[in-house]
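This briefing covers the complex shown below.

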Amino acid sequence: MSDRSDLLLVIAPIGRDAVTICEQLARARIRAEVCKTVGDACERLQDGIGGIVITEEALPPDAMNELIAVLVKQPPWSEIPLIILSGAPSLDMKPRSFESLRRRTNVTLVDRPVRVNSLISAVQSALRARERQYDIRDLMAQLEERIHERDRFLAVLGHELRNPLGAILLAAQMRDDDERLAEEHAQLIERQSRHLTRLVNDLLDLSRVAAGKIVLKRQVIDLRDVAAQSIAVIKPMADKQHVQLRTDYPHHAVLVNADPVRVDQIVTNLLSNAVKYTPEGGHVTMAIEEQQDGAFVEVTDDGVGVAPERIDGIFELFAQAENAIGRAQGGMGIGLALVRNLVQLHGGTVNAKSDGVGKGSEFTVVLPLATPEERAESPRVEPVAPATMQPSRRSIVIVEDNNDVRDLLRLKLRRLGHEVKDARDGIEGLSMLLSERPDLALVDLGLPGMDGFAVARQVRQQLGHDVVLVAVSGFGQPDDKRRALDAGFDEHITKPADVHDIENILQRFPPRNTAA
Amino acid sequence: MSPNVLVVEEHADLRSAVVSALKREHYVCDGVRSSDEAVAMLRDHHYAAVLLAPLLPVNEDPVVRYVLAHDPAEMPTVILMADPGAPESAGNYATLVKPFNREQLIAEMAKTH
């Protein structure tokens, strides 16, 4: 808030007292104005003031009551400093109590005759106190705005969750007579569950970026490779909406020194956003270009576009939330807010352009090109191809206390041809692991009886590294993963566990009998 | 004969799930993305009910305005699909609060015939 008035009102009805006081204060560079009566001063309080200097004779009982009546209406942060010049001028004046004023504001009594230095010192102290009050007022306003933003955000988040949850709920109830779910409904549930997972992951990442907890694992990568992966992820969504995806890549590699996981997140979010806001029959194009000042990724669409007044705030989380309620496709701005943060972490920029509503949008990310030194030091890492080989049959133990999660994992892994056993707590799980000696164990970390960390430690002590141990946890922060690895796990998967992640792990850890 | 129902929902998967659930109950059902598309459908077809997820305040929604401007006897019953806060502005329309399950959907539809 900019209104931080330090103006002092001086009320001294006798002679030239008020003018003299103002002149002395002006010499000390204190702004002061004469006020004829307490009533005048009370009117000025509405505009905000730094304090009041008043002589005792200007405060007869009725004026004091008038002042008190205004002071009690002040906001909770405000205690207008009141410096009362007491005693004299006439020796027959009786000493007065200003207790009723003291109870309502910050009162300083200065005995007359007043020494100029004493008055200035008292005024300076009063104005410092007033400054602190303004600080508190501004802080309270900021906190109120934060609370308002939080409430708005929660309302939008609730809205954002209702449509996917509604679709999942109805589709899950569409079993046929033999309790089987049609493929289209199973796909719907998977699609919306993935959407919700992405939403939660983006939210967590956004909070980690804000807390400075994201550490980039940079390596030299070809932007075309990352873009191809992102396109593969988004294509099913685009196909479903009958939106055509186009790419425009150069024939040569476009190398950047960046975290491939985060760049994938940036590109996927931009593509997902473009597809989301492009109606059936529309087009989304991703172009990659190398220029002298960086690597450019442009995602353009001929979709709903952005109103001119919204374009500047499009990367602001809450600015988008303001417009999101009522939109079924959501649009809290989590994705775009995250994109901006991740791009900035890489030292890049991101901009949005649109000619207006209905005229499509264009998002441009510019990342610094890898320097010759970086290219020399860090050989380019080829992207890991998604698992396509059918992994050979393995023995797997699932240790998970949530019945639904355990049953679904078991079902999925058995469908892939694996031999699966399961346990529902840490003690039973450890016993099963020691007796079965499976190829791989999926162990929840928050287990009753004995937690997953203790299970891993015991397994390592008794079986060494004969079993591939995978921690499955709802906590996916780097510290959680580090703790799991320290306890003896080989891998860490964040819930909800995706069967493709498990397949990838199986491919990376060959069966024991074929291991070198 | 089963009543005709029009589902107006922008969220593609939710629309598809609602339409599937109603067809399972032998309703003849069409699904459209927007209220403007819904009005076009209302001009050409007769529906017993419209399940509407309004993107505007209810009384500004083109479907509601269309229904209000025509003979109530000829027009479908409007059921809103909305967030919990929405019924405050839903007037007298029946409301299915998202996320709703199959039983709630069927129970609300049963009241229309």
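How many residues has the largest nonpolar core, and which residues have the most contacts inside it? This core has 44 residues, and A:Leu223 and A:Leu271 are those with the most contacts inside it. The model is predicted, so local features need pLDDT of at least 70 and side-chain atom pairs count only at pLDDT 80 or more, while totals for chains, interfaces and linings use all residues. Residues are numbered from 1 along each chain as its sequence is written, and chains are lettered from A and ligands numbered from 1 in the order in which they are written.

**Confidence and overall make-up**

- The predictor gives the complex an ipTM of 0.88 and a pTM of 0.64.
- Chain B has an average pLDDT (the predictor's confidence in each residue, from 0 to 100) of 88, and 92% of the residues score at least 70.
- Chain A contains 17 helices and 17 strands; helices (H or I, at least four residues) and strands (E, at least two) are DSSP runs, numbered from the N terminus.
- Of the 516 residues in chain A, 35% are buried. A residue is buried if 20 or more other C-beta atoms lie within 10 Å of its own, exposed if 12 or fewer, and partly exposed in between, with C-beta atoms placed from the backbone.
- Among the contacts in chain A with a separation of 6 or more, 69% are between residues 24 or more positions apart. Two residues are in contact if their C-beta atoms, placed from the backbone, lie within 7 Å.

**Nonpolar cores**

- A nonpolar core is a set of buried Ala, Val, Leu, Ile, Met, Phe, Trp, Tyr and Cys residues joined through C-beta atoms within 7 Å.
- A:Leu271 touches A:Ser230, A:Ile234, A:Val284, A:Met286 and A:Val299, leaving aside residues up to four places away in sequence.
- Another core, of 41 residues, lies apart from the largest one; B:Ala49, B:Val50, B:Leu51 and B:Leu52 are among its members.
- In soluble globular proteins, nonpolar side chains tend to be buried together.

- Five strands of chain A form an open sheet in the order 14-13-15-16-17, with parallel pairing. Two strands pair if DSSP finds at least two bridges between them.
- Strand 14 and strand 17 (491-494) of chain A are the edge strands, each pairing on one side only.
- On average, neighbouring strands of this sheet are turned by 20° against each other, direction ignored. Axes are lines fitted to C-alpha atoms, for helices over the stretch in contact, and angles run from 0 to 180 degrees between N-to-C directions.
- Strand 13 (residues 395-399) of chain A is largely enclosed by the rest of the structure, because four of its five residues are buried.
- Strand 13 of chain A runs parallel to strand 14 (residues 419-423) of chain A, joined by five bridges. Across this pair, A:Ser395 stands opposite A:Glu419, and A:Ile398 stands opposite A:Asp422.
- From strand 13 of chain A, the chain passes through helix 13 (residues 403-415) to strand 14 in a right-handed β-α-β crossover. Right-handed means that, with the strands pointing away from the viewer, the path from the first strand over the helix to the second runs clockwise.
- Four bridges join strand 13 of chain A to strand 15 (residues 440-444), and these two strands run parallel; A:Val399 stands opposite A:Val443.
- Helix 13 of chain A lies across strand 13, strand 14 and strand 15, at about 170° to strand 14.
- Helix 14 (residues 426-436) of chain A packs on the sheet and touches strand 13, strand 14 and strand 15; its direction makes about 165° with that of strand 13.

- Strand 4 (residues 82-86) and strand 5 of chain A run parallel and are joined by five bridges, with A:Ile84 opposite A:Leu109.

**A loop residue**

- A:Asp466 sits in the loop between helix 15 (452-463) and strand 16 (468-473) of chain A.
- A:Asp466 is exposed, as 12 other C-beta atoms lie within 10 Å.
- A:Asp466 and A:Leu440 are 26 residues apart in sequence and 9.0 Å apart in space, C-alpha to C-alpha.

**Contact between the chains**

- Chain A contributes 19 residues to the contact and chain B contributes 20 residues.
- On the side of chain A that touches chain B, helix 5 (116-172) and helix 6 (183-210) of chain A each supply at least two residues.
- Helix 5 of chain A gives the most to that side, with nine residues.
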